Amino acid sequence: MYFKVGKKNFNLTSSPLILGILNLTPDSFYDGNQYKTKSSILKRVEKIIKEGADILDIGGESTRPNSKRISIKTERDRILNNIILIRKNFDIPISVDTMKSKIADMCLNEGADIINDVTGYQFDEKMPQIIAKHNAAVILNHTSDLPDKMQSKTTYKNLINDIKKYLNDRAKLSVKFGINTKSIVIDPGVGFGKTTIQNLKLIKNTKEFKKLKYPLMYGVSNKAFLGDILNIKNPKDRLNASIVTGYECISLGANLIRVHNIKETKEMVKIWSYLKDVRN
């Protein structure tokens, strides 16, 4: 299986890809308001690359539970010039975490490669045609609603089947608008309109989502459901839980993992890879 990003084809059969997170938001649950200057941003990106990330995932709008939407101008001011800055200094593929097609259009014009839409086009129906226009890649996330409402909507007729159908429908819509089928990643949306038990079920049923035949991403890094299980309130203290859960995801077949802790995740993936080779 390959993931096509621009002219690059990532081979997903040998090892999962790591998306290293750069939050440019003041209200991120993990590291909000930490990267505000050009120097701090460039140092963070340099560190993300040195520690082994394959893709840089940049966000200018928080999507944590109960977060509010921001204006296009605010999001643009946070993210656009920084993408230009990063692209001038680094060659790593850039994923932009946005739900707004106008933001996607601007960022793709300036060298971004992937749009990570946590709403799966729910917020902005123009998003797939913008992505197709740029021959870009897309990550389609499942959520029950926008972040300010999603945690009040955790009832499903059949959790796994409902989400599989949603992701398959979103992927088909992407292809209909002209997005390359090899440039589509699906994400079951851990933490987006799910309870702790439902999040665990999404992980345990990774193989069900693999049946859709698209590269599969999980984002479990430092999330609240891990804190709920371990009674750890500070997200930064959930490193061990994140690594263990990430290991389970890739062991069950996840092709990409989106993380804050790149160094530790890279080490985990290396150990996983060696164990896999020994087992085989």
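## Sheet, helices and cores in a predicted model

Strands S6 and S7 (residues 137-141) run parallel and are joined by 4 bridges. Within this pair, Ile114 stands opposite Ala137 of S7. Strands count as paired if DSSP finds at least two bridges between them. Helices (H or I, at least four residues) and strands (E, at least two) are DSSP runs, numbered from the N terminus.

This is a predicted model, in which local features need pLDDT of at least 70 and side-chain atom pairs count only at pLDDT 80 or more, while totals for chains, interfaces and linings use all residues. Residues are numbered from 1 along each chain as its sequence is written, and side-chain values use heavy atoms, with hydrogens and water left out.

**The sheet.** The S6 and S7 strands belong to an open sheet of 8 strands with parallel pairing, in the order S8-S7-S6-S5-S4-S3-S10-S9. Strand S8 (184-187) and strand S9 (217-218) stand at the edges with a single partner strand each, so one side of each has no neighbour in the sheet.

**Strand S3.** 7 of the 7 residues of S3 are buried (under 20% relative accessible area; exposed is over 50%, partly exposed in between; 1.4 Å probe, protein chains only). Leu17, Leu19, Ile21 and Asn23 lie on one side, and Ile18, Gly20 and Leu22 on the other. The table gives the pairings of S3.

| Partner of S3 | Sense | Bridges |
|---|---|---|
| S10 (residues 256-259) | parallel | 4 bridges |
| S4 | parallel | 5 bridges |

Gly20 has Val259 as its bridge partner in S10. Ile21 stands opposite Asp57 in S4.

H2 lies across strand S3 (17-23), strand S4 (55-59) and S5, and runs at about 175° to S5. Axes are lines fitted to C-alpha atoms, for helices over the stretch in contact; angles run from 0 to 180 degrees between N-to-C directions. Contact means heavy atoms within 4.5 Å. Helix H3 (residues 101-109) has Ser101, Ile103, Ala104, Asp105, Cys107 and Leu108 as its buried residues. Their cover includes helix H2 (72-89), strand S5 (94-97), strand S6 (114-117) and helix H4 (127-133). Gly111 follows H3, with a positive phi near 110°.

**Nonpolar cores.** A nonpolar core is a set of buried Ala, Val, Leu, Ile, Met, Phe, Trp, Tyr and Cys residues joined through side-chain atoms within 4.5 Å. The largest has 63 residues, and Leu22, Ile58 and Ile86 have the most contacts inside it. Helix H5 (residues 159-176) gives the most to this core, with 6 residues. A second, separate core has 13 residues, including Val5, Phe10, Ile55 and Met217.
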